[in-house]
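I opened this notebook to record what I looked up in the structure.

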Amino acid sequence: MEEKEIQEVVSLPRIGDPAPSFKAVTTQGDINFPSDYKGKWTILFSHPADFTPVCTSEFMTFASMEEKFEELNCKLVGLSVDGLYSHIAWLRTIKEKIEYKGMKDVEVTFPLIEDITMEVAKKYGMIQPGEATTKAVRAVFFIDPKGIVRTIIYYPLSLGRNFDELHRVLVALQTADEFGVATPADWRPGDDVIVPTAGSCGTAKERMESKDEMHCYDWFFCTKKLDEEKVWKAIKK
Ligand code: BEZ
């Protein structure tokens, strides 16, 4: 492979970068990304191929959860390097024939991008040649209402994603933005959150002696309560 070609294949937006823009044909009509999604969160995700089992289980799961993402002002946008007619046939098969884990008659109403040229997949680093040169890996990009990439997660071809985790990531990102906090390991709404580090929030001594609801494990590690109800009220539409 030529050096330029390799660079193109591995180009990758990073967290904090503006989401690379593109125009594409999808199962829901043409889109202009990310400008069509201004003011909304978006999860742009890729799958390796239509008519494959792991991808089918993923699409059924994601489509069944779409409302939970919608409540958080978040749109889903899928992509694979298959063509539009393959996408349409696959989604119709899912709806008409597949019953899986209690899910049936599942209609995928979010757009699925056709990317036969791999132009979009290459822009987003979804083609990872060590894994596959002709298929996208399972990439997930969380893009905020200003069009900034906020989280990137990659899975290999053989590993189906955990969609509860993708929902948790979105909730945590929105909570961090709304309340100016960070979220600790395995955080869920209702758990304590991490308050900003010393310097932005008083001196270390002040923080350790603070009488408010903060709990400091040490000068650099302070948490406070944040009610679950307050979280949902702030982030749910
Ligand atoms: C699948 O979705 O089942 C799959 C797709 C590509 C490679 C391996 C598995």
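**Entry 1: exposure.** I take buried to mean under 20% relative accessible area, exposed to mean over 50%, and partly exposed to mean in between, with a 1.4 Å probe and protein chains only. The model is predicted, so I note that local features need pLDDT of at least 70 and side-chain atom pairs count only at pLDDT 80 or more, while totals for chains, interfaces and linings use all residues. Residues are numbered from 1 along each chain as its sequence is written, and side-chain values use heavy atoms, with hydrogens and water left out.

I looked up W219 and found a relative accessibility of 48%, so W219 counts as partly exposed. W219 sits in the loop between β9 and β10; helices (H or I, at least four residues) and strands (E, at least two) are DSSP runs, numbered from the N terminus.

Entry 2: I find β8, β10 and β9 in an open sheet of three strands, in the order β8-β10-β9, with antiparallel pairing. I count two strands as paired if DSSP finds at least two bridges between them. The edge strands, each pairing on one side only, are β8 (193–194) and β9 (215–218). Between β9 and β10 (residues 221–224) I find three bridges, and H215 stands opposite T223 in β10.

**Entry 3: the ligand.** Which residues surround the ligand? I list P48, T52, P53, V54, C55, R138 and L157, where a residue is near if one of its heavy atoms lies within 4 Å. This shell divides into five nonpolar residues, one polar and one charged. Here Ala, Val, Leu, Ile, Met, Phe, Trp, Tyr, Cys and Pro count as nonpolar, Asp, Glu, Lys and Arg as charged, and the others, Gly among them, as polar. Helix α2 (residues 53–64) gives the most to the shell, with three residues.

I then looked up polar contacts, which are pairs of N or O atoms within 3.5 Å. A ligand oxygen lies 2.7 Å from a backbone N or O atom of V54. For side-chain N or O atoms, I read 2.9 Å from a ligand oxygen to T52 and 3.1 Å from a ligand oxygen to R138. The protein covers 78% of the 270 Å² of accessible area that the ligand has on its own, by the Shrake-Rupley method with a 1.4 Å probe.

**Entry 4: aromatic rings.** My search of the whole structure gives 15 aromatic pairs. Rings of Phe, Tyr and Trp (its six-membered ring) pair if their centres lie within 6.5 Å; planes under 30 degrees apart count as stacked, over 60 as edge-to-face and the rest as tilted. The ring centres of F62 and F163 are 4.5 Å apart and their planes meet at 45°, so I record this pair as tilted. F62 belongs to helix α2 and F163 to helix α6 (residues 163–179), 101 residues apart. F62 is buried at 0% relative accessible area, and F163 is buried at 4%. Ring pairs link F45, F59, F62, F69, W90, F110 and F163 into a cluster.

**Entry 5: backbone angles.** Most residues other than glycine have a negative phi, and most peptide bonds are trans. The peptide bond from F33 to P34 is cis, with omega near -5°. M118 has a positive phi of about 65° and is buried, at 15% relative accessible area. D186 has a positive phi near 60° and is exposed, at 66%.

How values were computed
Polar contact = N/O pair within 3.5 Å; in protein donor to acceptor, adjacent residues only side chain to side chain.
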